[in-house]
Amino acid sequence: MDERRSLILVHSPGWQDRADFEDIAARIEKMAPDIDVFIADNTSVCSVTRKRAARQPTLVFSPIRLLTFRALRGKVYQGQVMTKLTEMERLQKAGLPVPAFEVIRPGCSLSPEQFGPYTIIKPSYELSSWGDGISLERTEDVRYRDPAEFPEGHPGRMGPMIAQRYIDCGQPMTCRVLTLFGEPIFTYLREAVNAPVLDQLSPPYERTAFLPIDQELKISSTRDEDFLELARNAYQAIPEAALQACDILRDRNGELYLLEVNPGGGTWMFSSPYASAYRQALGTDDLTAEFDAFSVCARVLIEKTRQEAI
């Protein structure tokens, strides 16, 4: 008889709906009777759960980092908090198509040959999100700013700013591919419709000039294999973060660029605080349907538990 194993799914209130993990657990129990599935609360010690799970080899999965809960044994996959700079360096080192970037330091002078005519300025601070602190400048105008020069609350006060080559997509667009251990489980493609041409605008540039935010948008899910394959490959750069939300651009020549994978894991889009907005935008009541997401989650968690539980 095969050795029994434990799988602990760590639920974080406010970040995921516990019912999602209960659904996945039920699928695993049907597909893999050799695996005992436990659901732990990330805000609690869960003494009974962790003692029961520790009777046999264990694997732990938490979309975000572990908080109060700690398993007594087991291989742990959890969200990884890291600076944007560290994340970009790891993606680049893995040979992924990351736009050219560098830290903006005193005396910084960017090469137009490397960065092109426009450059994205973004914070490296790991807790910045949703476009906070991002701007677009002419490459020739990019200069170092002392952290104290940024207004209160700006992420530039918390860490260095990064210059990143602006990817000209024609019409602004971005594709998010959510993966679990590299397997796509959700996509969200935003494409601007009739956005202003950048060359027709004057500095300072609003975010709507280069991010598909607050514009007339075409929103859809996608099965474009190029997007999905790049997201699969991205997992290997930061494999300790099981849940990754890969943000991908396609330039006007058809080339793909990977911006980030959001390894912190606060991207369980099926029941995050933004889930209702995703459902409305995509015109669906079930965000899991396109990829049969919870069946995919069950399958890959079974595979990982059998391979790596300790």
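Reader: Which residues does isoleucine 219 touch, not counting residues up to four places away in sequence?

Author: This is a predicted model, in which local features need pLDDT of at least 70, side-chain atom pairs count only at pLDDT 80 or more, and totals for chains, interfaces and linings use all residues. Residues are numbered from 1 along each chain as its sequence is written, and side-chain values use heavy atoms, with hydrogens and water left out. With contact meaning heavy atoms within 4.5 Å, isoleucine 219 touches Tyr188, Leu189, Arg190, Ala281 and Leu282.

Reader: Is glutamine 164 buried, partly exposed or exposed?

Author: Buried means under 20% relative accessible area, exposed over 50% and partly exposed in between, using a 1.4 Å probe and protein chains only. Because its relative accessibility is 3%, glutamine 164 counts as buried.

Reader: With which side chain does the side chain of glutamine 164 make a polar contact?

Author: A polar contact is a pair of N or O atoms within 3.5 Å; within protein, one must be able to donate a hydrogen and the other to accept it, and residues adjacent in sequence count only if both atoms are side-chain atoms. At 3.3 Å, the partner of the glutamine 164 side chain is the side chain of lysine 122.

Reader: How far apart are the C-alpha atoms of isoleucine 219 and arginine 190?

Author: Along the chain, isoleucine 219 and arginine 190 are 29 residues apart. Arginine 190 is also one of the residues that isoleucine 219 touches, and the separation of their C-alpha atoms is 4.8 Å.
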